[in-house]
Amino acid sequence: MARMRYPSLVLLLSFLIIYGVAEDTKLSESLVGCDEVSCPKENAHDRCTVGDKTFLGIGLSRIPNVPSTLEGLSLIKGVNVSEGDEGKREFNSAYYLGTPSALDVNDLNGCVVTFNDPPEKQFDGPIKTGKDRNVTDVQAARGTCPDIIEQKCIDTLTERARSVTNATSNDGVCAALERELKRNTFEECGILGGKGKGLGNFTVTSFGNLSSVKNSTDCWPVKPKSDGLALITENTAVGNNTAASMYREAWKITPVLTVFVGKGNKSLVDRTSSQMTCLKVVTEENPEEEEKGSESSASMFSTSPRVAGMAMLIAAAWVAF
């Protein structure tokens, strides 16, 4: 009978630990929903409760192109729907910053600009089948900012944000950025907030005003689970009880501009950095479960990439040792 020697076993366990940590921090796509962060379902529907808010789903994305000292920062959007008066619905969108456990949110300096009006273009989504055949699944659609916003608009906004903050003292950065965004036409961004709306309605928040959220629920919508969450801002839109209003407000796309500014010798960044991230709630219903007989090891591995990867490591270790 083949036996694995103790040094080989130690090395194998090290491989598995490293592999597990890497898999836990990696997102399968640039924008993901509840399935990726293992939040519970209510019947076939996503659900995520954070603090006193229960969301119909979430959208999680890493902030792209950050300096190496800020790698792992995430943005999260959740949408809560409540019934209002006279057939109205209130759609409350909450935005969070996800921070790696080694990074203190209080060490961040800069601003977050949340563009509350959705762009004219939409993400491409999977095509529904069955009775809804040939209809884009708006709920599951996902993508990145360049898919829906012209690159010249993204470049203009990020460059202008850097130049304004570089010319302003730390204490007045967000106020100066807000003034610049309000007074400039930004012709390159004519459809950012919808056709003919330019930038549309937006909210500017300072990193100094973020409030940390306590992990006290069965849904912590960030990955890895050791990351912290801090509430950035909230925005409420009013719609009606129609399906069209539900799709338009609950699954709308929100561009977010982040600006990180250096703050003395102990700053996490040595120069101003700005990025555009596009958020949207991503929800997917559970497919109907088919009756299954006994499953072989091979079929179990095929349904779980993580398990399959670990199995390959184990097999490789046995061959090597």
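Which side chain does the side chain of Asn201 make a polar contact with? It's the side chain of Asn116, at 2.7 Å. Keep in mind that this is a predicted model, and let's look around from there.

**Asn201 and Asn116**

Start with Asn201. You'll find Asn201 in the loop between helix 4 (173–183) and strand 9 (202–206). Asn201 has a relative accessible area of 41%, so it counts as partly exposed. Apart from neighbours within four places in sequence, Asn201 is in contact with Thr114, Phe115, Asn116, Asp117 and Asn235. Take Phe115 from that list: Asn201 and Phe115 are 86 residues apart in sequence, yet their C-alpha atoms are 6.2 Å apart in space.

Now for the partner. Asn116 sits in a loop too, the one between strand 8 (110–115) and helix 2 (145–148). Is Asn116 buried or exposed? Its relative accessibility is 4%, and buried means under 20%, so Asn116 is buried. Asn116 also has a side-chain polar contact with Thr203, at 3.1 Å. If you skip residues up to four places away in sequence, Asn116 touches Asn201, Phe202, Thr203, Asn235 and Lys252.

**The chain as a whole**

Zoom out and you can count seven helices and 13 strands in the protein chain. The chain has 321 residues, and 44% of them are buried. What about contacts across the sequence? Of those between residues at least 6 apart in sequence, 71% join residues at least 24 apart.

**Strands 5, 6 and 7**

Strand 6 (residues 74–83) pairs with strand 5 (residues 58–62) in the antiparallel sense, over five bridges. Strand 6 is also joined to strand 7 (residues 88–99), again antiparallel, by ten bridges. Here are two of the residue pairs to look for:

The hairpin of strand 6 and strand 7 has four residues between the strands. Glu86 is in that loop, and its phi is near 55 degrees, a positive value in a residue other than glycine. With a relative accessible area of 78%, over the 50% cut-off, Glu86 is exposed.

**Other backbone details**

Why point out a positive phi at all? Most residues other than glycine have a negative phi, and most peptide bonds are trans. Ser38 isn't a glycine either, and its phi is positive, about 60 degrees. Look for Ser38 in the loop between helix 1 (6–25) and strand 1 (41–42). Ser38 is exposed, at 59% relative accessibility.

Which form does the peptide bond from Lys223 to Pro224 take, cis or trans? The bond is cis, with omega near 0 degrees. Pro224 belongs to the loop between strand 10 (211–213) and strand 11 (228–240).

**A space inside**

Rolling a probe the size of a water molecule over the atoms shows where empty space is left. How many cavities of 30 Å³ or more turn up here? The count comes to one. The largest cavity has a volume of about 40 Å³. Its lining is made up of Leu70, Asp107, Leu108, Asn109, Phe260, Val261, Ser267, Leu268 and Val269. Sorted by class, six residues of that lining are nonpolar, two are polar and one is charged.

Notes: Residues are numbered from 1 along each chain as its sequence is written. This is a predicted model: local features need pLDDT of at least 70, side-chain atom pairs count only at pLDDT 80 or more; totals for chains, interfaces and linings use all residues. Side-chain values use heavy atoms; hydrogens and water are left out. Helices (H or I, at least four residues) and strands (E, at least two) are DSSP runs, numbered from the N terminus. Buried means under 20% relative accessible area, exposed over 50%, partly exposed in between (1.4 Å probe, protein chains only). A polar contact is a pair of N or O atoms within 3.5 Å; within protein, one must be able to donate a hydrogen and the other to accept it, and residues adjacent in sequence count only if both atoms are side-chain atoms. Contact means heavy atoms within 4.5 Å. On a 1 Å grid over the protein atoms alone, a cavity is a set of points where a 1.4 Å probe fits but cannot get out, and a pocket is an open set with protein on both sides within 12 Å along at least five of seven lines; lining residues have an atom within 4 Å of a point. Grid points are joined across faces, edges and corners, and a volume is the space filled by probe spheres set on the points. Ala, Val, Leu, Ile, Met, Phe, Trp, Tyr, Cys and Pro count as nonpolar, Asp, Glu, Lys and Arg as charged, and the others, Gly among them, as polar. Two strands pair if DSSP finds at least two bridges between them.
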